[in-house]
Amino acid sequence: MSASANKPMIGGVCYTLAKKANMETWIMRVLFVCTTLFAGFGPLVYIILWIFMPKAP
């Protein structure tokens, strides 16, 4: 992956969750895309986390 793949993009939700879970950012982004495609609630969870989750250090 490129260096830009591990930087916050829109709200930094996937970046922050990936850092807390000690995993690559792109894996978290893929999980959110899969959640959106197969379950349909990915965008709602993302927005809620964007509002309430503190920024990553």
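Among contacts in the protein between residues at least 6 apart in sequence, 39% join residues at least 24 apart. Contact here means heavy atoms within 4.5 Å. The model is predicted, so local features need pLDDT of at least 70 and side-chain atom pairs count only at pLDDT 80 or more, while totals for chains, interfaces and linings use all residues. Residues are numbered from 1 along each chain as its sequence is written, and side-chain values use heavy atoms, with hydrogens and water left out.

Start with the overall layout. The protein has 3 helices and 0 strands. From the N terminus on, the order is α-α-α. Helices (H or I, at least four residues) and strands (E, at least two) are DSSP runs, numbered from the N terminus.

Now look inside. Of the 57 residues, 26% count as buried. Buried means under 20% relative accessible area, exposed means over 50%, and partly exposed lies in between (1.4 Å probe, protein chains only). The largest nonpolar core has 7 residues: Val 13, Cys 14, Ala 18, Met 28, Phe 32, Tyr 46 and Met 53. Two elements, α1 (13-20) and α2 (25-38), each give two or more residues to this core. The largest share, 3 residues, comes from α1. A nonpolar core is a set of buried Ala, Val, Leu, Ile, Met, Phe, Trp, Tyr and Cys residues joined through side-chain atoms within 4.5 Å. In soluble globular proteins, nonpolar side chains tend to be buried together.

Pick out Phe 32. Leaving aside residues up to four places away in sequence, Phe 32 touches Val 13, Cys 14, Leu 17, Gly 42, Val 45, Tyr 46 and Leu 49.

Next, the cysteines. Cys 14 is buried, because its relative accessible area is 6%. Cys 34 counts as partly exposed, at 32%. The structure holds 0 disulfides, a disulfide being a pair of cysteine sulfur atoms within 2.5 Å.

Turn to Glu 24, in the loop between α1 and α2. Glu 24 is partly exposed, at 37% relative accessibility. Glu 24 and Cys 14 are 10 residues apart in sequence and 9.6 Å apart in space, C-alpha to C-alpha.

The protein exposes about 4,200 Å², and carbon and sulfur atoms supply 72% of it. Accessible areas come from the Shrake-Rupley method with a 1.4 Å probe; for residues, only the protein chains shown count as cover. Val 45 sits in helix α3 (residues 42-52). Val 45 is partly exposed, because its relative accessibility is 31%.
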